[in-house]
Amino acid sequence: MNETFDTVVIGSGPLGLSSARRLAEKGQRVLVLEEGQAVTDPPGSHLRNQDRFHGDPKSYLEEATGHLAYFDAQVPREQLPGAAVTKTVGGQGVIWTNLCPRCDATWEALSSQGWESYSALAEDYLCVQAAEFDASVRQQKLKARLAEHLAEAGRGVEVLPTAAQYGDSDYLHYTGPHDILTGAGAAGDRITLCAGTALSLRLRGGQITAVDLGDKLLEADNFVIAGGAIGTPQLLHRSGIRPKALGRWLSYHPILITQMVLDEAYCAPPGVVDRVPRLQIRPTKNAPWFSLVLRDVSPFEPKDPDSQIDPNRLAEIQIICPVDVREENRIEFDAHSDPSFHVPLSSSDKARLERAFRDAEALTAALGRCRRGCEILWTPFGFAHMTGTTRMSAVDDGTGVADYQGRVWGFENLYLATNGLIPTRMAVNPTLTGVTLSLHVADALLAR
């Protein structure tokens, strides 16, 4: 490779490619490194867009989870048996759920106007919309019933923004990292995607000089690590960059799920093709979890007499329940930079999870009943939405890995684009917030 690049981005997921696109749109030449191979065609497109998964969510889920590499699924809950990474072109962006609520726990990295403008830009990059779901009969009826059910508690229900569009099709087209690049237009010609494993970073004082790929070194003016909340601190550790906060303050989302058989009053008639519902109940002070009512994928095997149910009568409830942000919750890396996880639930975490479980029962009862074999359960802890492992801080006081521009403390040209930057106890899906930050970080890099 004889080309020269202004910036090397390590990681080809939605956050890495959003940073790369923003830099390219501002005139930079960007190299994106990806350790994994392509599993979709075109590379980085969403797996779920393939024809064979239309109308068969179960088969999609089985194949998608096959692209997750678990660290140790047999460990106890406090060691996060669900912790996994996706090493493919497009990263987890080829299998993500595409749910894009805005951040519910912002911090001072951006002004309120900054959060608004960068969130809107992130929604544009990801092709986020909500209006198309209102054509669903279930959507309208479930929304009205939930509004009635939640009113006394001061909670509300809204349409759930999703990075997916119907267009002229009866099926959703889910945004994948390939779509982020395609949206770059002519600026996409300034982005080069290359296979290669970043073994470590080469340091000289407060500068990163190159990425070590084992057989060669790649030099650039700036470097952005977008390896996720596990891969990013792992690469820093392997490179000898080990600030006090690295891997600490880890947060994640225990996720509860059940599949319902809806009361017929909330459904389209049998045989009518009905769009899927996607509704959100945002967290409140007294109910600090994020609740979703939608028809999507589920891990269940239904049992008789519910093994055959009209699809129009099915929906899922998911509740995303945040855990407390505590310094002692952490990833630890051994001498080979292999991770282990230590995230015991606090007493307030346990109480919050119990209350969320009761809320799921009440929501289910308000809309129908649990499908047999699909009763309420918690997914493996650590499976979803890890944050905080390379958290931002306002000052270099040992509580953060990067500053509020995403630049690693003590380095002039090393930036992070990862959900690991998030320092707060978010309850909602973090991808839109992560892309929002990646765009902010790209602009901060350009401004230096």
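Q: What makes S9, S10 and S11 an open sheet, and in which order do the strands lie?
A: In this predicted model, the three strands lie in the order S9-S10-S11 with antiparallel pairing. Strands count as paired if there are at least two bridges between them. S9 (residues 200–204) and S10 (residues 207–212) are joined by five bridges, and S10 and S11 by three, so both pairs meet the cut-off of at least two.

Q: Why are S9 and S11 called edge strands?
A: S9 and S11 (217–219) each pair on one side only.

Q: What is found between the strands in the hairpin of S9 and S10?
A: Two residues lie between the strands, and Gly205 in this hairpin takes a positive phi near 65°.

Q: What share of the residues of the protein chain counts as buried?
A: Of the 448 residues, 57% count as buried, where the cut-off is under 20% relative accessible area. The accessible surface of the chain comes to about 17,900 Å², and carbon and sulfur atoms account for 48% of that area.

Q: What makes a set of residues a nonpolar core, and which residues touch the most other members in the largest one?
A: Members must be buried, of a listed residue type such as Leu or Val, and joined through side-chain atoms within 4.5 Å. The largest core has 79 residues, and Ile10, Leu33, Trp107, Leu126, Leu201, Val211 and Leu414 touch the most other members. Helix H8 (residues 431–447) gives the largest share of this core, seven residues. A second, separate core has 40 residues, including Leu150, Tyr252, Ile281 and Ile319.

Q: Which residues are in contact with Ile10, leaving aside its neighbours within four places in sequence?
A: Among them are Leu33, Leu201, Val211, Val224 and Leu235. Over the protein chain, 76% of contacts between residues at least 6 apart in sequence join residues at least 24 apart.

Key. Residues are numbered from 1 along each chain as its sequence is written. This is a predicted model: local features need pLDDT of at least 70, side-chain atom pairs count only at pLDDT 80 or more; totals for chains, interfaces and linings use all residues. Side-chain values use heavy atoms; hydrogens and water are left out. Buried means under 20% relative accessible area, exposed over 50%, partly exposed in between (1.4 Å probe, protein chains only). Helices (H or I, at least four residues) and strands (E, at least two) are DSSP runs, numbered from the N terminus. Contact means heavy atoms within 4.5 Å. Accessible areas come from the Shrake-Rupley method with a 1.4 Å probe; for residues, only the protein chains shown count as cover.
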